[in-house]
Amino acid sequence: MTSTPSASGAAGSPGVAVIGYAFMGKAHSHAWRNVSALRPGAPGVRRQVLVGRDGEAVAAAAGQYGWAESATDWREVLDRDDIDIVDVCVPGHLHAEVAIAALEAGKHVIAEKPLANTMAEAEKMVATARAARERGVHSMVGFNYRRVPALALARRHVAEGRLGQVRQVRVSYLQDWLADDAAPMTWRLRRELAGSGALGDLASHAIDQVRFLLGQELTAVNATTHTFVPQRTGADGPEEVTVDDAAWGTLRTDGGAVVSLEVTRMATARKNALGIEVYGSEGALRFDLESLNHLDVCLDGADSFTRQLVTEHHDPYIDGWWPPGHVLGWDATFTNQAADFLTALAAGEEPTPSFEDGLAVQRVLAAIEASSARGGSCVEVDRGPA
C-alpha cells in the first residue's frame with residue numbers, strides 16, 4: 001500500500017476505490033475529483049484508493065490523479081471498511097470477477113462497458129447484482145454517452161413523440177487508431193482479454209444508444225464482422241489478431257424501427273465519431289460525438305435541420321456547469337455519470353443503466369457475432385426468460 005497526499009472528502013462521505021489506472025481509470029478519476037464541485041446536489045466522496053498491478057506505476061498515477069492511496073491487490077481493498085464504492089476500469093476479462101466479488105463484499109459497483117466478455121459472465125453478473133440489490137447494494141454499467149446533454153435531450157424529444165413514429169436509425173462509431181497496418185499489438189486485439197474488437201468496444205455504445213433513445217428493444221440482426229489486419233507486431237514478434245476490426249449490421253426493434261449499424265477502428269481520419277441519425281414520421285434528429293455540444297433537429301413541421309447548441313440551463317445535465325454557450329467536453333460525461341450514480345445511491349434507488357441493460361446489449365452483440373458466423377443470415381436476439 002502506498003500513500004499520497006490526502007484526497008479525503010468530508011467525514012461520512014462514501015469511500016471510492018477505482019480498479020485500473022490507465023485510460024478509463026484516468027477518466028473516472030477525473031470524474032470523482034470533480035463531481036461534487038460541478039454537479040449541484042451530488043454527494044461528496046472520499047477518493048480513497050487507486051488499484052493496479054504495477055505498484056510503481058499505480059502510485060505515480062494515484063499522485064497525479066489525486067487519490068489518497070494506491071494499492072496492487074484489489075481483493076484486499078474489498079475487505080476494507082472505508083471503501084463503499086468500487087469502480088471497475090480493468091480489461092473486459094476481469095469485469096465479472098471483480099464486480100461480482102465487490103457486490104458480494106457489500107460494495108456498490110460501477111463496471112465499465114461492455115458488461116463482460118461472454119454471455120455466461122454477463123448473466124452471472126446480473127444474478128449477483130439482483131441478489132445484492134435485495135440487500136441495498138447497487139450497481140451500474142458505464143455507458144457514459146447517456147450523459148451527453150445533447151443525447152439526453154434527443155431522448156426527451158423522442159419520448160415526447162416529437163418525431164412521431166420512429167422508422168429508421170443510422171448509427172455508426174468510427175475510429176482510426178488501427179488504420180495503420182504497423183500499429184502494434186495491444187490487449188484490445190486479443191480475444192481472451194478483450195472479448196471482441198470494435199464490436200464490444202464501439203458497438204456496445206451504439207447499441208445502448210439505440211435502446212436509450214428509442215426506449216425499444218432490438219429483436220433481430222443481419223450482420224457481418226471483418227478483420228482487415230490479421231497479424232500485428234507484439235513484444236515477441238508477430239501475433240494473430242483474434243478480434244474483429246469492424247462490424248456492420250441491419251437490426252430491427254420491437255417498435256418497428258430498422259437500424260443501420262457500422263462500427264470500425266479502421267476509419268482513416270475519424271478519431272472518435274459516434275454518429276446517430278433518427279428519422280420519424282414527423283421529425284428527425286442528428287448527432288455527432290465529435291461535435292458533442294450540438295444536436296441537429298428537424299421538428300414542428302420543419303423540412304430541414306437546425307443546429308442547436310445544447311448548453312442552456314434548461315437543457316439536460318447543464319445545471320452546475322458553465323454559463324450558456326460555454327461548451328462541455330468528453331470528460332464531462334463521466335462527471336455526470338458519477339453524479340447520477342451518487343444521487344441514486346443517496347436516494348436508495350437503483351442507478352441506470354443497470355447490469356440488466358448491460359446484459360441486453362451483450363445479447364445483441366452475441367447475435368451479431370452469430371449472424372456473421374452464419375454468413376449474415378438473420379438471427380433473433382435472445383430476450384432471456386419469458
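Start by selecting strands E2 and E3 (residues 46–51): the two pair in the parallel sense over 5 bridges. Strands here are DSSP runs of E, at least two residues long, and helices are runs of H or I of at least four, numbered from the N terminus. Two strands count as paired if DSSP finds at least two bridges between them. For one of those contacts, click Gly15, whose bridge partner in E3 is Arg46. Now trace the chain from E2 through helix H1 (residues 23–38) to E3: this β-α-β crossover is right-handed. That label means that, with the strands pointing away from you, the path from the first strand over the helix to the second runs clockwise.

A word on what you're looking at: this is a predicted model, where local features need pLDDT of at least 70, side-chain atom pairs count only at pLDDT 80 or more, and totals for chains, interfaces and linings use all residues. Residues are numbered from 1 along each chain as its sequence is written, and side-chain values use heavy atoms, leaving out hydrogens and water.

Ala17 has Val86 as its bridge partner in E5.

Stay on E2 and show side chains. Which residues point the same way as Gly15? Ala17 and Ile19 do, while Val16 and Val18 point the other way. 5 of the 5 residues of E2 (residues 15–19) are buried, so the strand is largely enclosed by the rest of the structure. Buried means under 20% relative accessible area, exposed over 50%, partly exposed in between (1.4 Å probe, protein chains only).

Last stop: helix H10 (residues 355–373), with 15 of its 19 residues buried.
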